[in-house]
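Open the structure in your viewer and keep the selection panel at hand. Each stop below says what to select and what to look for there.

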Amino acid sequence: MVKDIKTNEFTEKVINNDKPVLVDFWASWCGPCRMLSPAVDSVSEQVAGADFFKVNVDEEPELAREFGIMSIPTLIVFKNGEIVNQSVGVIPEADIKALVENA
Amino acid sequence: MPDLIIIGSGPAGLSAAVYASNAMLDFKVIEKFSMSGGQMLNTYDINNYLGFEEVDGFTLGQTFRKHAESKGAQFVNDEIVKILKTGGGWRVRGNKSEYDTKTIIYAAGANPKKLGVKGELELAGRGVSYCATCDGNFFRDKITAVVGGGDVALEDALYLANISSEVYLIHRRNELRGAKYLQDKVKNNGKIKLVLSDEVEEIIGKNSVEALKLKSGGELKVDGVFIAVGLEPNSKLLDGIADMENGFIKAGESTVTSAEGIFAAGDVRTKRLRQISTAVSDGANAVHSVEEYLNKT
């Protein structure tokens, strides 16, 4: 499952998480984001041992700024508080899976 | 063996699905992403598709898909990696599974073309974008540029003019190419500055886009650059199988290709005008050609 995450929970749930964490930066008005989301959902069902969150960049502009998001959808994979993988634009499900599994 | 596999779920693929359902063919639609629409998902405002005075691409895509689903079309989420000839037709190999079929409607569409200059790949997602409606909001009150002179470039410039403080529209020819009413709107928009007969030579920036180096020698300070210089067809899977022209699959209105039993519909085929309406028309023609082909064999 991909859960919404807010700025004030980000450190606890993403940065201090000892599992790999995939974060999907998206917005409701972005067509490609809505095209990518179901694929991220599907990957979250297949990959155990990782957490999945999404950031609505309209509601959480601080997070978008902090990570220099200038294109959405952007997927970022964190591990031990560091960015280990990042991808911009719509990518196939298999590539999303690889982003998390290679973290 | 099924009669038909439709590859792609943009307007051409979805239109083909509706017609194939009516023709009572045994078929499936294979789509790379579990959400239909193709390129029109990136379009903010569509006002030339008959029956819809004004609609956004996402909504229209969903409307098309619901129509195809209501007819009973089956959708499979898989990315096709190879197409092979078999005794009775074709085998379509995906990442997840293989599909044998008598015929294929190939409607894989196209993607935005890259500009091919230094800095473009390095700064992708850092101020270089191919989707103004997705990324425009990150450039509120900033300076942006659009590269291109066709409909998409003009629409992008107009969209960005609502958000950015200033928009440069850079086009290599000395006049714009897009629809006249868009040209008028662009010329009358105080925020859009035309830079004609010039080209971007390099996109400059350290962590994000800072400036564009122009062929004429000048440099433009910008925070973001939106590239709209045409389309790159997704035709690779038919390389060596069907005849191509400039990367597009060679086919006329009938959608018949040089490969027996394969029909090319939508933006991926050679045609004069790439629009939602012409893609929808291709979908209908393709199914008609599939029926003809199946009756013959």
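The tour takes chain A, then the interface, then chain B.

**Before you start**

This is a predicted model: local features need pLDDT of at least 70, side-chain atom pairs count only at pLDDT 80 or more, and totals for chains, interfaces and linings use all residues. Residues are numbered from 1 along each chain as its sequence is written, while chains are lettered from A and ligands numbered from 1 in the order in which they are written.

**Stop 1: chain A, whole**

Select chain A. Its secondary structure comes to 4 helices and 5 strands. Helices here are DSSP runs of H or I with at least four residues, strands are runs of E with at least two, and both are numbered from the N terminus. Read from the N terminus, the elements go β-α-β-α-β-α-β-β-α.

The C-alpha atoms fill a box of roughly 30 × 30 × 20 Å along the principal axes.

Buried residues make up 43% of the 103 residues in chain A. A residue is buried if 20 or more other C-beta atoms lie within 10 Å of its own, exposed if 12 or fewer, and partly exposed in between, with C-beta atoms placed from the backbone. Of the contacts in chain A with a separation of 6 or more, 72% join residues 24 or more positions apart. Two residues are in contact if their C-beta atoms, placed from the backbone, lie within 7 Å.

**Stop 2: the sheet of chain A**

Now show the strands of chain A. They include an open sheet of 5 strands, in the order 1-3-2-4-5 with mixed pairing. Strand 1 (3-4) and strand 5 (82-88) of chain A stand at the edges with a single partner strand each, so one side of each is left without a neighbour in the sheet. Strands pair if DSSP finds at least two bridges between them.

Next, select residues 21-26 and 74-79 of chain A. These are strand 2 and strand 4, antiparallel over 5 bridges. Find L22(A): it stands opposite V77(A) in strand 4 of chain A.

Which strands does helix 2 of chain A lie across? They are strand 2 and strand 3 (51-56) of chain A, and helix 2 runs at about 165° to strand 2. Axes are lines fitted to C-alpha atoms, for helices over the stretch in contact, and angles run from 0 to 180 degrees between N-to-C directions.

**Stop 3: where the chains meet**

Show both chains. Here 17 residues of chain A are in contact with 22 residues of chain B. Helix 2 (residues 31-46) of chain A gives the most to the side of chain A that touches chain B, with 6 residues. That side divides into 12 nonpolar, 4 polar and 1 charged residues. Ala, Val, Leu, Ile, Met, Phe, Trp, Tyr, Cys and Pro count as nonpolar, Asp, Glu, Lys and Arg as charged, and the others, Gly among them, as polar.

**Stop 4: chain B, whole**

Chain B has 6 helices and 20 strands. Its C-alpha trace spans about 60 × 40 × 30 Å along the principal axes. Buried residues make up 50% of its 297 residues.

**Stop 5: helix 1 and helix 6 of chain B**

Select residues 11-22 and 276-296 of chain B. The axes of helix 1 and helix 6 come within 7 Å and cross at roughly 40°. By class, their contact has 12 nonpolar, 3 polar and 1 charged residues.

**Stop 6: around helix 4 of chain B**

Select residues 151-161 of chain B. Is helix 4 mostly covered or mostly uncovered? Mostly covered: 9 of its 11 residues are buried. Among them are L154(B), A157(B) and L158(B). The cover includes helix 5, strand 10 and strand 11 of chain B.

Helix 4 and helix 5 (residues 180-187) of chain B pack at about 35°, with axes 10 Å apart. Finish on strand 10 (residues 143-147) and strand 11 of chain B, which run parallel and are joined by 5 bridges. A145(B) stands opposite Y168(B) in strand 11. In strand 11 (residues 166-171) of chain B, 5 of the 6 residues are buried, so this strand is largely enclosed by the rest of the structure.
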